[in-house]
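Subject: Structure for you to look at

Hello,

I am handing over the structure we spoke about, with notes on what was found in it. Please look through it first and then read on.

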Amino acid sequence: METLIEILEEIRPDVDFETCTTLIDDHVLDSLAIISLIAEIEDEFDVTIPTVEIAPRNFNSAQAMWELITRLQEEDE
């Protein structure tokens with residue numbers, strides 16, 4: 001999770017990703033940030049995020065992203 005927070009802070013250093021749960025709903029992350037974030041996550045965690053998983057529920061918080069990453073890693077095993 002620490003690495004994910006670091007990636008997020010590179011994109012938006014002004015946001016408290018530990019507590020924010022409305023990253024998409026409140027437009028904290030825009031579409032370009034999401035595209036960049038997906039590329040970083042895929043590279044760093046060796047996962048592929050399917051298009052169907054690119055939904056607000058999976059990107060509204062760092063915790064939701066972490067759960068997505070963990071699930072994708074488990075599916076690849």
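A word on terms first: helices (H or I, at least four residues) and strands (E, at least two) are DSSP runs, numbered from the N terminus. This is a predicted model, in which local features need pLDDT of at least 70, side-chain atom pairs count only at pLDDT 80 or more, and totals for chains, interfaces and linings use all residues. Residues are numbered from 1 along each chain as its sequence is written, and side-chain values use heavy atoms, with hydrogens and water left out.

Asparagine 60

Asparagine 60 sits in the loop between helix 3 and helix 4. With a relative accessible area of 12%, asparagine 60 is buried; buried means under 20% relative accessible area, exposed over 50%, and partly exposed in between (1.4 Å probe, protein chains only). Leaving aside residues up to four places away in sequence, asparagine 60 touches Cys20, Thr21, Thr22, Leu23, Ile24 and Asp25. Contact here means heavy atoms within 4.5 Å.

Helix 1 against helix 2

Helix 1 (residues 2–11) and helix 2 (residues 31–45) pack at an angle of about 150°, and their axes are 10 Å apart. Axes are lines fitted to C-alpha atoms, for helices over the stretch in contact, and angles run from 0 to 180 degrees between N-to-C directions. Helix 1 is therefore roughly antiparallel to helix 2. For these words, angles under 35 degrees count as roughly parallel, over 145 as roughly antiparallel, 65 to 115 as roughly perpendicular and the rest as oblique.

The crossing of helix 1 and helix 2 is right-handed. A crossing is left-handed if the near helix is turned anticlockwise from the far one by less than a right angle, and right-handed if clockwise. On the helix 1 side the contact is made by Thr3, Leu4, Ile7, Leu8 and Ile11, and on the helix 2 side by Ala33, Ser36, Leu37, Glu40, Ile41, Glu44 and Phe45. Sorted by class, the residues of this contact are 8 nonpolar, 2 polar and 2 charged. Ala, Val, Leu, Ile, Met, Phe, Trp, Tyr, Cys and Pro count as nonpolar, Asp, Glu, Lys and Arg as charged, and the others, Gly among them, as polar.

Glutamate 44 belongs to helix 2 and is partly exposed, with a relative accessible area of 47%. Not counting residues up to four places away in sequence, glutamate 44 touches Thr3 and Ile7. Glutamate 44 and leucine 8 are 36 residues apart in sequence, and their C-alpha atoms are 12 Å apart in space.

Helix 1 against helix 4

The axes of helix 1 and helix 4 (residues 62–76) come within 10 Å and cross at roughly 125°. That makes helix 1 oblique to helix 4. The crossing of helix 1 and helix 4 is right-handed. Leu4, Ile5 and Leu8 of helix 1 make the contact with Ala62, Met65, Trp66 and Ile69 of helix 4. By class, this contact has 7 nonpolar, no polar and no charged residues.

The aromatic pair

How many aromatic pairs does a search of the whole structure find? The search finds 1. Phenylalanine 45 and tryptophan 66 have their ring centres 5.6 Å apart and their planes at 75°, so the pair is edge-to-face. Rings of Phe, Tyr and Trp (its six-membered ring) pair if their centres lie within 6.5 Å; planes under 30 degrees apart count as stacked, over 60 as edge-to-face and the rest as tilted. The pair links distant parts of the chain, with phenylalanine 45 in helix 2 and tryptophan 66 in helix 4, 21 residues apart. Phenylalanine 45 counts as buried at 11% relative accessibility, whereas tryptophan 66 is partly exposed at 24%.

Leucine 68

Leucine 68 is also found in helix 4 and is buried, with a relative accessible area of 2%. Apart from residues up to four places away in sequence, leucine 68 touches Ile49, Glu53, Asn58 and Phe59. The C-alpha atoms of leucine 68 and valine 47 are separated by 9.9 Å, and the two residues are 21 residues apart along the chain.

Two positive phi angles

Most residues other than glycine have a negative phi. Histidine 27, in the loop between helix 1 and helix 2, has a positive phi of about 60° although it is not a glycine. Histidine 27 is exposed, with a relative accessible area of 65%. Aspartate 46, in the loop between helix 2 and helix 3 (56–59), has a positive phi of about 55° and is not a glycine either. Aspartate 46 counts as exposed at 64% relative accessibility.

Regards
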